[in-house]
Every structure is written in C-alpha cells, then in structure tokens.
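Please take a moment to look over the sequence and the model before reading on. The notes below are meant to be read alongside them.

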Amino acid sequence: MARRVFAITLWPGLIAAALVVALTLGTLGAVALRAETFSALSHFDWLAVRFTVVQAFLSALLSVLFAIPAARALARRSFPGRGLLITLLGAPFILPTIVAILGLTAVFGKSGFVSVVLSWAGLEPISIYGFHGVVLAHVFFNLPLATRLLLQGWGAIPAERFRLASSLHFGPKDVFRHIELPMLRDIVPGAFTVIFLICTTSFAVALTFGGGPKATTVELAIYEAFRYDFNLGKASLLALIQVLICALAVVLSLKFRVPQMGSGGLNRVVQRFDARTVPTRTLDLFWIVVVSLFLLAPLLAIALRGAAGITELPASVWSAALRSLITALGSAALAILMSLALALSALRWRGLEVIGMSSIAASPLVMGTGLYIVLFAITDPADWALPITALVNAVMSMPFILRALGPALTGAERDYGRLSDSLGLTGLSRVRLVFLPRLRVPMGFSAGLAAALSMGDLGVITLFARPEAATLPLQIYRLMGSYRMDQAMGAALLLLGLSLTLFYIFDLWGKRRA
C-alpha cells in the first residue's frame, strides 16, 4: 500500500526535478550554444575568480570566528530579552540585500556614523567600497547565520555533561577543551562551507561595494559579460567555473551535519557552573553587546533616515513595491509546490532531494541569461520579467525549503506511515490528512523565507526589466545611482517593512493550529 502512495507522489517530484535541471544545466547549455566564440579568459577574468574565492573564504572565516564567542555567550547566559535577541539574529538572513547595503553605508560610509566619530578624533574617514566593503557586508549577512548554527550546536550538548564537569571541578578552559571544542570540530566546518557557498554566489553586494578589476566577483563578471559586451562565451565559461567552485563547496558541506537540539541526555535545563566568575560574565557581555550593535545599528539607521523620506516617495516606487509583492507571492507559491513535490517523492528516491539542492550551486544570472536567449527567439523577454524573476527566485530558495520540509516529512512517515497503510490512506488523502498538518510549521516558515528572499532580490530582474517596470530593489538601486539618498532610504524602509511582514504572516500561519 505504501508503494501506491509513492507511485502517485513520484511524478510531481520528477516534474519538479526536471524543471530544476532545465533551469540549472539547461540554461547554461543555452548560453554556451548561443556563444559565437570561446576565447580564453583574460587576466582580469581570472582576477575575478581569485577575488571570489578569497573574499568568500575570508568572509566565511570571519563570520565563524566572531560567531563562536557570540554563540557561547548566548548559550551560557540568561537575561531578559534573550529570546527576542536570538530571533533578531535571523533578521539579516531574510533582510533585502539592498536594504542592508544602505544601512551599512549609513553606518560605515564616508558620511556614516563611524566616519563621523573618526573625524572627531582627527582620523581619516573610512571607505566602505572595495574588498573590505564586500567582506564587511558578507560578515553582516552571515554572522547571524553562523551564530544560530553554533548556538544550535551548544543546545545539542546534554546538561549532564556540564553537571559532570562541575563535579570534576572543571574551569572555563577545561569545559571548552573537553566539551565545547569537540562540538565545534563537528559543526564549524559545515557552517564555514555553507557561508562560503553563499558568499561565492553573491551579486548585489559586489555590484554595489565592488566593481573594477580588483573587486569583481564571478557573478558580477557574468553580468558584465552579458549586459555590456554580450560575450556569451565568456559568460558561459565563467558560469561553469562558478558551478565547479560551488559544487566543490556543496560536496564538502554534505560531509558535515548540524547537531539537533536536545540530542542525548535527559533534556534537563543546562546549568553552567563554569561561567559564574566576573571575567567570564564581562567577556560574555562584551560579545553580546558588540554583535548586537553590529547587527542592529544598520537597521536602526534605515528606520531613522527612512522614516523622513517615506512620505516623499514618488509614484514609481509604490508601483514597484506592488510588482515586488506580486512577484514574491508567486515565487513563494512555486517554491513550496515544487519543494513539497520533491520532498514527497524523495521518500522513495533520495536522489530527487539532491537534485533539488543542486540549484544552490548554480548562478541565477546564468539562469536569467539562458531564459532570455530562449525567449528572445519567440517574444520580447521584457514582457516576462516578473514571471521569470519569480521562477528563478523559487528555484534558488528550494535548497533552504527542502532542508526545512525534509526532516519533518521523514518523521511523519516514520511515525504514521504504517498506521496510514492500515487505514488505506493513499495518494492525496494521505498528503492532506497525515503530512500537511505536520508540515504546517516548516511550510509557513519556508513560505515566509521564500517570499522575503524574492522580495529583496536584485539579480535576474536587472537583465529583463524595462525602466518603467522595475521591482522595488531595482528602483532603490536606481535612486542610489542618481544620489537621491533620502528617497532611497524611504524606499528601503518600505521594502524592509514589506519583507518582514510577509515573513511574519506566513510564519504565523504555519504556527496557528499546527
């Protein structure tokens, strides 16, 4: 009877997998076939490859290094607002990239708060553009992700180990060496490779803070090769190199797993007898304050400066916001449907889930370029700007959704599969009565995540959109380019509010009656 269920749910998964393969490998093939020549990459192209690897490596390294003391401090301290602070740590991951860029510019730019303080001290203001600006932005985005992953690892350590350490009179150094360091050896490599992968495929950060021969990523070089030179041969070669880099990172990340909360032990409350001294309390307070200021200061700057400019927004910004909202909702719906189909079919064939995860190694700009070439032969690609943007964003968010739906679906099948077989629940009835009620929480979170990521995307739309049909992130980028910073801040605050609202509504829907 279980085979009947899987036979029904396998075909939607195969269709979704075929679509993912077509968008990842098929679009790359379309770009390569359309190329007239495949000349060797120039010295500047290889500089872009080197810059991509170096900045991704350094960004991941700094994110993990700073996350270790921050996560340790949060793990062994209890204070009012701790839960809210941990929740806010997830905000930069769903924060629209262009909004974060504006916030970082307001704090670290030439006229930002940090530069003003340096000028008071008689020092030169800092420049946020170039290599260090790209790394700073990537650390801002990924430090919270690394902290959450490491905090989950600390939560997986049973309370009994700390009680045993106390009975053996372990000090902070002993606890770190014998209890915490083994956990970090397991979790840090996986967190590092995931962040490295995210930084490798970054586009908007490099577009804004990078540029020039010394600060160009592969993704930005692909965009320039297509947008300015229409050199499809170079674009396809660069895309292939990026796929190889990302594929290597994916293979490495699959070798490591994040420990699950509460694994082992008797689920007792953790008591840190080793962290009650004044020096450890002071050190933990220092890291909590520093990380909080680093993450919340740009958001506060957006709120303060954007509040004044939001009332002066032109009509084009509001129409762009409506287009972004429609695109985000469509992208979230597509992402959930395809991910659910793949996750259900993966109960029988685990290879389908791997295919769904493969999109994280692909370039969204190459997807957009391939689709542009295909559509150009039959219609005007600009007419399909929003549907193409929604489709590519849906495929790019699938790896995160599959990571959320997969374990929950596997657990539901393990716990209720035999009972469902005995009751004759098959096909859609089994999905509706058994799986969906137990997938409501991860589905709500995943839909909110997909909608928020699509809402703030500044990638594929740059290839397709006409000037009068821009999305909100693209409109903000144009306002920045014309030095209308007050309106850009107001539009950024609008985008931030819409993104967080979408995430909150979907997440709340998932938690209600779960």
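This is a predicted model: local features need pLDDT of at least 70, side-chain atom pairs count only at pLDDT 80 or more; totals for chains, interfaces and linings use all residues.

Residues are numbered from 1 along each chain as its sequence is written, and side-chain values use heavy atoms, with hydrogens and water left out.

**Helix pair**

- The axes of helix α11 (residues 218–227) and helix α16 (residues 364–376) come within 9 Å and cross at roughly 20°, so α11 and α16 are roughly parallel to each other (angles under 35 degrees count as such).
- In this contact (heavy atoms within 4.5 Å), α11 contributes Glu 219, Ile 222, Tyr 223 and Phe 226, whereas α16 contributes Pro 364, Leu 365, Val 366, Thr 369 and Tyr 372.

**Thr 52**

- Thr 52, which is found in helix α2 (residues 43–75), is buried, with a relative accessible area of 1% (buried means under 20%, with a 1.4 Å probe and protein chains only).
- Not counting residues up to four places away in sequence, Thr 52 touches Thr 200, Thr 216, Thr 217 and Val 218.
- Thr 52 and Ala 206 are 154 residues apart in sequence, yet 9.6 Å apart in space, C-alpha to C-alpha.

**Enclosed space**

- There are five cavities of 30 Å³ or more, a cavity being a set of points on a 1 Å grid over the protein atoms alone where a 1.4 Å probe fits but cannot get out.
- The largest cavity holds about 840 Å³ of space, and of the 34 residues that line it (having an atom within 4 Å of a point), the closest to its centre are Thr 97, Ile 198, Thr 201, Leu 453 and Asp 457.
- Helix α17 (385–423) gives the most to this lining, with five residues.

Terms used:
Axes are lines fitted to C-alpha atoms, for helices over the stretch in contact, and angles run from 0 to 180 degrees between N-to-C directions. Helices (H or I, at least four residues) and strands (E, at least two) are DSSP runs, numbered from the N terminus. Angles under 35 degrees count as roughly parallel, over 145 as roughly antiparallel, 65 to 115 as roughly perpendicular and the rest as oblique. Buried means under 20% relative accessible area, exposed over 50%, partly exposed in between (1.4 Å probe, protein chains only). On a 1 Å grid over the protein atoms alone, a cavity is a set of points where a 1.4 Å probe fits but cannot get out, and a pocket is an open set with protein on both sides within 12 Å along at least five of seven lines; lining residues have an atom within 4 Å of a point. Grid points are joined across faces, edges and corners, and a volume is the space filled by probe spheres set on the points.
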